[in-house]
Each structure stands twice: as structure tokens, then as C-alpha cells.
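Here are a few friendly notes to read alongside the model. Please keep the structure open as you go.

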Amino acid sequence: LKGYQLFPHLPRIRTDTPGFLLECAQRYGDWVHFDVGVTQAFFINHPDAVRQVLQENNRNYTKDTIQYRTLALITGQGLLTADGEPWLQHRRLIQPAFARSRLVSLDDVVMGVVDRMLVRWDAWAKQNQIVDVDHEMLEIALEVVGLALFGLDLSREAPQLVRAVLTALDYVIYRAQNLVVPPLSWPTPRNRAFKRALFELDQAVEAILTSHQVRDEGEETLLDLLVRAEQAGQLTRQHVRDELVTMIVAGHETVATALTWTWYLLAHHPEVESALITEIDTVLGGRPPGREDLPKLTFTAQVFAEALRLYPPAWLITRRARGADTISGYEIPAGALIIISPYVLHRHPAFWEDAEAFRPERFDERQARAYPRFAYIPFGGGPRLCIGNQFALVEAQLILSRVLQRYRLAIAGAGPVRAEPLVTLRPRGGMPMRLIPR
Ligand code: HEM
């Protein structure tokens, strides 16, 4: 497609990029070339091509794209946005904090956070009050990240940090949605608000780091690991700041959004919800879930996996080609932009039968082998696979099962909820729901 052919679609591209990309894939197939003057963009929608970019030839592809450059205004050179050797060094350093054994205490953290939320819900349920589940999920996911990774209750101990991150993210969304924006150096009200947010963010992080007491080995959080690395000269203060902010940005809205869509899908599929409740009651018999229960909560995991297929929070993954490459016979010039959309890939008719249908059974062991690994990439793939993927899966299983022991959630708004492609794929207008005590 040439630039002028895209012109009539600009409003749609702006407000409904995933829908536009899906339509492109349905019309033109697995390869779409956007030829927009200096920008040669290739939208690839086949697992083999995606595997080549994310895994086999990943060294040829960088994160030097508008998507990641804009995010880097907030996260700096943290894991999500860094590239090359510095990224590899930091990934090796941080990886141990996400090892399975280190996630053990995650269940205590999550149970504490969910139970505090349920106290709130009990009061609201009595008054038959409608709850914005989207807001609730954001709040608890943020609490979980703070407590599990930094040992901090962020909304209580660092409210200015949370506010600053959210304000800064608004600016990222604004830039993503507007092709032409004034350069950051211009003192427009929006630019000034963003810079103020960054300043407050840095101050809040600095305050945390200055007062932080490193815990003993064995009880360390990611924050302790980062501070130790700084003391050992492996990381600078700026690096520590960037990784801390990265974990907040990457680790809370993603999980929260995925959970919100899971509640939405369950409310629309009572038969799935019943099967899920049966599993939870059978495995747990009313006691709170712990790490050891997770392997038995298989249907819970499948439900979440299927929600991630239909509503992948990270709906867009972009890369820039360093050098020329040939992918499935197509020539990719050096400098080309590669667009991958988990949202579209997860609806590929060759791999997902009746793709729009919510069917958690797709992920039972037998059927899960039917699709290629790179046809399902809610967490990306290859060396840059999401570092928090186990963390997210454990957290989600625990939250879903704990909440469902007490409540079913019913849709309270009128009409379908639209997905809005912001930094993650968010429900437009939140997710108003009614709490139905079990
Ligand atoms: C990377 C999705 C939860 C931290 C990624 C990527 C995806 C993703 C798709 C790869 C992006 C790319 O290749 O361009 C998700 C989803 C989540 C989730 C859907 C929840 C359902 C988390 C959590 C954390 C986290 C809980 C941290 C606590 C990161 C980091 C990276 C990353 C640091 C960059 C890794 C690297 O490049 O080395 N995530 N994520 N994510 N995610 Fe997640």
C-alpha cells in the first residue's frame, strides 16, 4: 500500500489500529508492505516470519522504532527499551529476580493484596454498588508489582511516583495517537506537564533509592538486587532508575488489562465461568490458593491464556531492521520497520478455528500442540521474551481463583465494551461490573 492509499484510512488507523491491521491481513494476507516514502514498513502476520524476526535472526532487529523511542522517554534504557550489549548485560543481571524459586513468595503478596480488595468489595456488594473492575485490577496489579519487586506499597509510600508515571504515560499515548506533535523542546502546556511529570518521577525514585535498606540475601527483592549492583559498580544510578520505572510501566497495566478482559469474557460466557468455579472449588475447597495449587488449576490457566489470545495487552510489537534480510522470500531493506501484531496473529484463520470465539479448551494440553509456537505470542518470543511472563501467569491464576471463590462478576454497562489501543489494549470507558456474592 502506498502512502496515498493509506490516507483515507488515517482516522481509523488513529483510533482503531488493531482493527485496521486485522482488516489489512484479511484482505492482503500474511505480508503487507506500507510504502510511505522514507518509511518502508512491513506488517508480517505469519508465525514463520515472526519467528525469524524475534528469534532466528533477532540480532538483525532493534527496538529503534517510534513505539519504543517514545516509551524510552519514560523508561530510559531499561530492559524493555534498551538494545544490544547493554540490554544483554542487564537482562542477565535481572533474570535471577524472576526465577521460579524467587516467585515463591508471590502468593503471599498476591493474597494480601486481593484480600484487602475483597474487604472493599464486601462493603460495595452490600450496597449493590457498581464497580469499575478495570480500575480495581490496575490498583491491585500496581500493588503487587511494588510489594513483590521492590518491597514497597507504591500507592501509599510513593503516591507521587505513581501519579508521575501515569501522567507521563498519558503523554506517550498522545504522541502515539498523533502523527504530528510539537517537539518536546517547545514549551507547550502538554510538553511542560510531561517534563514536570518526569522530574517528579526522578525525584520520587531518588527518594526511594536514598532511603532504601538492602535486605539480607534470601529475602532480597529486585530492588535490593539493583541497589547491590549499583554499589558493586555494575549499574549506574540512572540504570537503576530506568529498570525500576520499566518494571512499573511493563508490569502493572499489562497484567491488569488482561485480567479485566478475562472478567469481561467470563461474564459473557456463563458456561465457562461455571466450569472454572467447579475447578476452583474442587482443587481448593474454600481455602486460599497457594503456589502448590497452580499446577492443578489447569482450566484457570487456560481461561487466562485464551483471554490473552483475544485481548493481548501488548497488541503491537515493532522492530527496525539493522541490515537487509530475506524473510519467507521477501526482501527486507536495511532500516525497514517491522510490524507484528499479536492481536492479528492470534486471529489467523490457518491456526485458530473460529478465531473470535472464546474457547479456553484450545489451550488444553492435547490441543495446544496444534498451533505453532509463534502463532501465539502474548509475551513476545525469542531472547526478548517478556521477563515477567511467569510472574504474570502466577499472579493471574492466584487473583482469578481467589476472587471467584467469593464473587462472580456481571456486566453492568450497556452494549459491548470497545478495545482501545493505548499503550496496552484497554477497555474504553473502564469496565463497570456488578458483584454477585457466591
Ligand atoms: C517484554 C507482554 C507482564 C516486564 C514484554 C514483551 C511482551 C510483553 C509482548 C515483548 C515486547 C517486544 O518483544 O517488543 C506482557 C504481558 C504481560 C506482561 C501481556 C501480562 C499479562 C509483565 C510483568 C513484568 C514485565 C508482570 C514485570 C514485572 C517486561 C520487561 C520486558 C517485557 C522488563 C522487556 C524484556 C526484555 O526485552 O528483556 N512483555 N508482559 N512484563 N516485559 Fe512483559
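1. Which side chain meets that of Glu-23 in a salt bridge? The partner is Arg-12, at 2.8 Å from N to O; a salt bridge here is a side-chain nitrogen of Lys or Arg within 4 Å of a carboxyl oxygen of Asp or Glu. Glu-23 sits in helix α3 (residues 17–28) and Arg-12 in helix α2 (residues 10–15), so the pair ties together parts 11 residues apart in sequence. Helices are DSSP runs of H or I with at least four residues, and strands are runs of E with at least two, numbered from the N terminus.

2. A word on the source: this is a predicted model, where local features need pLDDT of at least 70 and side-chain atom pairs count only at pLDDT 80 or more, while totals for chains, interfaces and linings use all residues. Residues are numbered from 1 along each chain as its sequence is written, and side-chain values use heavy atoms, leaving out hydrogens and water.

3. Arg-12 and Glu-23 also belong to a network of salt bridges with Asp-16 and Arg-27. The whole structure has 29 salt bridges.

4. Now look at the ligand. Its iron atom has a single donor from the protein, Cys-386 (SG), 2.3 Å away; donors are N, O and S atoms within 2.8 Å of the metal (3.2 Å for Na, K and Ca), and because water is not among the atoms, sites may look incomplete. Cys-386 lies in the loop between α17 (365–368) and α18.

5. Oxygen atoms of the ligand also lie 2.7 Å from a polar side-chain atom of Trp-87 and 2.8 Å from one of Arg-384.

Technical notes
A polar contact is a pair of N or O atoms within 3.5 Å; within protein, one must be able to donate a hydrogen and the other to accept it, and residues adjacent in sequence count only if both atoms are side-chain atoms.
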